[in-house]
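Here is a short briefing on one protein chain. Keep the sequence and the 3D view open as you read.

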Amino acid sequence: MPKHNKDRLFVTATEWKRDFGGFQRKAEAGSRAVPFDCCCLSLVPFSSPALLDGVLFELVALLEFVQKHGTSPVTGAPAAAKEIVRLKMDKDEGKWRCPLTYRAFTNFSKVVAVTTSGNVYSYEGLKELKTTVDPLDSTPFGPGDLQTIHDPDDAELVERRSKVSAARRGDDDEDDEKGRPNVRESQTALSNRKLVEEAKRNVQERQKSQQSKRKRDDDDRGKKDAAPRGWTETCRRVRDELKPLTCDLIEGSAMSTGATSRAATSTAVDVSTRTELRRASDVELMDARFRFFQKKAKRGYARLETTMGHLNFELRFDLAPRACENFLGLCRDGDYDDVAFHRVVRDFVAQAGEKKNENGKGDTKKESSSLWGGPFPDEIAQQVHHDERGVLSMANPGARNQNTSQFFVTFAPARHLDGKHTIFGKLVGGNDTLDAIELVRVDAADDHRPRTDVSIRRAVVFVDPVPDADALFEQYVNDKILRRRHLDANRTTGAGPPPPKTTKVIMARPAAPPPTSFPQSGGGGGGKKHKGGLVEGPKHT
């Protein structure tokens, strides 16, 4: 006789089902949901996920099935290997996760895949971005390219995955009875060499993509062991020893590391409740340095000893400090030695700076690179124009912010070049030499290349204001750091007013005397004037 607790005037659902013939749930074969990280064919965790007809599989097992039967294990319709979508799923500490939210996928996660790129994300992370391009590789996709691969609330998808696994279990039992290897045994043995190679290739591609991503992240953060090419010792010392913050270089700017905001929006990062100011990046440091040069640096002087004579130039650091330091640095390093004037257009310009490098096989390769390796931005000043003879300006390939080593000297006014090329100096001696270069015979069919040798034999730097300006910049940054630290201490302990600014500055070396040895053959604007037509601007060759 069924037992019942006399103290209660009702029966529980368990008692009703167990003792009084209540509702009994029927156990259906294959109704249990397949775990997210398991292949529906082999029922083991996948290592190389693949997608076909909206169902997740192990790539090896799926390829073998499709090549053997020629049909899809989901619908039974004809299928080919090219219809399989190889998925790129992020993994951390043995768990698949979303690359946007850094949250691990579970059996209760809604997961989607972009079929055009193969990248896998959580539905919530991708929905929050509201984008139509892949966040990782910028591949465009439409609404039909977004495939839901796991959703515990989607009964149809759960049933479809369960039916595939139940059907395959029956096929495996039949294969065992006939003595044929089943899917699990074939995946474990990896007897098909072609499938193994494809699986390994998929893993290698993913490893390469992860390595390239880590390399890009390292490049963005910057390596601390070596400063970029072309940096002076003073600039390296400011970055590595003083370690200035953004507020030390940019007035009114106090940028944080962003650790608190990341901790508040993601559980995958460490908890941070304190706002810390961020160190200045290399780009911010150099920008502040050149802004300081415009105010404090003096003018520089250099000479180009050509086959036609000497050309003496005055460099305006107050207008274009980047271009001036680039020109003086290349002259000092000998990069302009034995470099030809490869383009001479009468009544227009003479262009040079195309360096030559030998590749070790006897071949000579022409290239243009700046003192820092890559191109540097334009410095267009409104105070100066291409309105006279002897203007020294940077050449570019026709695009903005692509200055390297090539420069040109004007033979006549060329106001149509204003705003397109950076003016950083002018001719102060050697106007007769400039006249001789203008009169050489050129090959108009070969971009006005001189038929006779017109080249720079040697470049000499007379006055380089960079060391003195760097010493002033280092003292300026040091004063800003000391003032900031004193204000921080005063804010917490009340230590008193900030220290006064340093007035005495130790120069790096005695200031160079003005160049009195220049040949006085005429100034940049006192020579012969030429009537110039509207000719195409100087470009890199």
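Start in the loop between helix 3 (123-129) and strand 8 (146-150), where Lys 130 lies. Please note that this is a predicted model.

**Backbone angles**

- Lys 130 is not a glycine, yet its phi is positive, at about 55 degrees.
- Lys 130 is exposed, because its relative accessible area is 76% and the cut-off for exposed is over 50%.
- Most residues other than glycine have a negative phi.
- Leu 43 is another residue other than glycine with a positive phi, here near 60 degrees.
- Look for Leu 43 in the loop between helix 1 (13-19) and strand 1 (49-52).
- Is Leu 43 buried, partly exposed or exposed? Its relative accessibility is 26%, so Leu 43 counts as partly exposed.

**The chain as a whole**

- The chain holds 13 helices and 21 strands.
- It has 541 residues, and buried residues make up 40% of them.
- Take the contacts in the chain with a separation of 6 or more: 66% of them join residues 24 or more positions apart.

**A buried residue in a strand**

- Val 112 belongs to strand 6 (residues 111-114).
- Val 112 has a relative accessible area of 2%, so it is buried.
- How far apart are Val 112 and Gln 147 in sequence and in space? They are 35 residues apart in sequence, but 5.5 Å apart in space, C-alpha to C-alpha.
- Gln 147 is also one of the contacts of Val 112, leaving aside neighbours within four places in sequence.
- Other contacts of Val 112 on that basis include Val 120, Tyr 121, Leu 146, Thr 148 and Ile 149.

- Helix 2 spans residues 59-69, and its buried residues are Leu 59, Val 60, Ala 61, Leu 62, Leu 63, Phe 65 and Val 66.
- The largest nonpolar core has 52 residues.
- Which members touch the most others in this core? They are Leu 304, Phe 327, Phe 341, Phe 407 and Phe 424.

**Helix contacts**

- Two packed helices are described by the angle between their axes and the distance between the axes.
- Helix 10 (residues 282-296) and helix 11 (residues 321-332) have axes that come within 9 Å and cross at roughly 95 degrees.
- Helix 10 and helix 11 are therefore roughly perpendicular to each other.
- Helix 10 brings Asp 287, Arg 289, Phe 290, Phe 293 and Gln 294 to this contact, and helix 11 brings Pro 321, Arg 322 and Glu 325.
- By class, the residues of the contact of helix 10 with helix 11 are three nonpolar, one polar and four charged.
- Helix 7 (residues 233-242) also meets helix 10: their axes come within 11 Å and cross at roughly 130 degrees.
- Helix 7 and helix 10 are therefore oblique to each other.
- The crossing of helix 7 past helix 10 is right-handed.
- Cys 235, Val 238 and Arg 239 of helix 7 meet Asp 282, Leu 285, Met 286 and Arg 289 of helix 10.
- The contact of helix 7 with helix 10 has four nonpolar, no polar and three charged residues.

Methods. Residues are numbered from 1 along each chain as its sequence is written. This is a predicted model: local features need pLDDT of at least 70, side-chain atom pairs count only at pLDDT 80 or more; totals for chains, interfaces and linings use all residues. Side-chain values use heavy atoms; hydrogens and water are left out. Axes are lines fitted to C-alpha atoms, for helices over the stretch in contact, and angles run from 0 to 180 degrees between N-to-C directions. Helices (H or I, at least four residues) and strands (E, at least two) are DSSP runs, numbered from the N terminus. Angles under 35 degrees count as roughly parallel, over 145 as roughly antiparallel, 65 to 115 as roughly perpendicular and the rest as oblique. Contact means heavy atoms within 4.5 Å. Ala, Val, Leu, Ile, Met, Phe, Trp, Tyr, Cys and Pro count as nonpolar, Asp, Glu, Lys and Arg as charged, and the others, Gly among them, as polar. A crossing is left-handed if the near helix is turned anticlockwise from the far one by less than a right angle, and right-handed if clockwise. A nonpolar core is a set of buried Ala, Val, Leu, Ile, Met, Phe, Trp, Tyr and Cys residues joined through side-chain atoms within 4.5 Å. Buried means under 20% relative accessible area, exposed over 50%, partly exposed in between (1.4 Å probe, protein chains only).
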